[in-house]
Amino acid sequence: MTISVAVSGASGYAGGELLRLLASHPDVTIGAITAHSNAGTRLGELQPHLHSLADRLLEETTVQNLSGHDVVFLALPHGASAEIARQLPAETLVIDAGADHRLEDPAAWEKFYGTAHAGTWPYGLPELPGRRERLRGARRIAVPGCYPTSALLALAPGFAAGALLPDDVVIVSASGTSGAGKAAKVNLLGSEVMASMSPYGVGGGHRHTPEIEQGLSAAAGTAVTVSFTPTLAPMSRGILATATAKVAPELLKELVNTDAATIGTEAGEASIAAQLRRIWLDAYEDEPFVHVLPEGQWPATKSVQGSNHVAIQIAFDAHAGRVIVCCAIDNLTKGTAGGAVQSMNIALGLDETSGLSFQGVAP
Ligand SMILES: NC(=O)C1=CN([C@@H]2O[C@H](COP(=O)(O)OP(=O)(O)OC[C@H]3O[C@@H](n4cnc5c(N)ncnc54)[C@H](OP(=O)(O)O)[C@@H]3O)[C@@H](O)[C@H]2O)C=CC1
Ligand SMILES: CC(=O)N[C@@H](CCC(=O)OP(=O)(O)O)C(=O)O
């Protein structure tokens, strides 16, 4: 089967990563590639790493240019995709890397994005409970944000298993600068980011907070409240999320000393740590891309760079009664384009791993 795909936003980071993956996908032929201010430019001038597509011309991002393909990938700024998607035929598989169709709650959308809600599409994170089924045969898919991908994969198993309390969840994530897109911004200059780390969107203001809460609440079956702080790290790609939550009292009861959310016996603590670890191992046992690392080994962004892999490690902090989960992804691969291609594969009934890399690029 040959599937024709169009990629909009092809001059940007997400569009470039989509093309990198799709160019090696065995079932895909690349049709229109489109851009905005860079329409009319040769792709090789903007994405020189995409050798096999270097001579392709970027067209205008119009419904007409994107029509006539089996699949259309939208890798456009927030708010730009809804209008285009509305005009594409219902039978076309439209996969939106932007945020326009991720949130279920119109009020949350309006609060964080400030425009009218465009509706909700099936969420392209098949590893979350019940989500893979909704992607099969879907013709509209919302690709998760890169921070939500890592945060949800870190904590969803614990919530789905009822092992975590929903009201004390803290997530701090470091992102490479490509997460902010290719457009020039002063805070992304080399002189600003090199050898420096800085937080932003602190205090609940980041638009990924409602997206993370939505996914964790669905897994938990109850409302989960999250304190999320993103930080910018001096690297081009990668996200390292450190997510912590209080362990449910039923599990903590096993600590023999009863004041014992804080002080336990070694055996009690080891038992809880093992039970927690088992929850994540079981949740991801059959997942091709999510790996709980061997005990003692911690995720690093370098090891997943360029691949669709997710590296996870879990620890039980008996002193604080919390689980700590570290999760590394490549924001452009599993965090955007890889997740999009994986979702396409599921929607079209292809091998879920087709066109996706299993190896990272290191050092
Ligand atoms: N970067 C990341 O890690 C992630 C990105 N995403 C999402 O993917 C989408 C693209 O992000 P990213 O590639 O990083 O951004 P970039 O800024 O790198 O690229 C944006 C792309 O959109 C085009 N564009 C700009 N304005 C318009 C417009 N008004 N109408 C149509 N096209 C336009 C640009 O074209 P031109 O260059 O020709 O002006 C460019 O191709 C965003 O919604 C983002 O949130 C999702 C997850 C992670
Ligand atoms: C470093 C950086 O700026 N990151 C972006 C998130 C990128 C992403 O995943 O998100 P969307 O698809 O929702 O845009 C940010 O904080 O807005």
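Where does UniProt place the feature "domain: Semialdehyde dehydrogenase NAD-binding"? The unreviewed entry puts this feature at residues 4-136; UniProt positions follow the numbering used here, feature names are shortened, and annotations may be inferred rather than shown by experiment. This is a predicted model, in which local features need pLDDT of at least 70, side-chain atom pairs count only at pLDDT 80 or more, and totals for chains, interfaces and linings use all residues. Residues are numbered from 1 along each chain as its sequence is written, with chains lettered from A and ligands numbered from 1 in the order in which they are written.

**View 1. The annotated span.** Residues 4-136 are 29% helix and 17% strand. Helices (H or I, at least four residues) and strands (E, at least two) are DSSP runs, numbered from the N terminus. The end C-alpha atoms of the span lie 19 Å apart.

View 2. Six strands run in the order 3-2-1-4-5-6, with parallel pairing. A pair needs at least two DSSP bridges. Strand 3 (59-60) and strand 6 (140-142) are the edges; each has a single partner strand, so one side of each lacks a neighbour in the sheet.

**View 3. Strands 5 and 6.** Three bridges join strand 5 (residues 93-96) to strand 6. Asp96 has Ala142 as its bridge partner in strand 6.

**View 4. Helix 7 against helix 12.** Helix 7 (residues 146-160) packs on helix 12 at about 100 degrees, with axes 8 Å apart. Axes are lines fitted to C-alpha atoms, for helices over the stretch in contact; angles run from 0 to 180 degrees between N-to-C directions.
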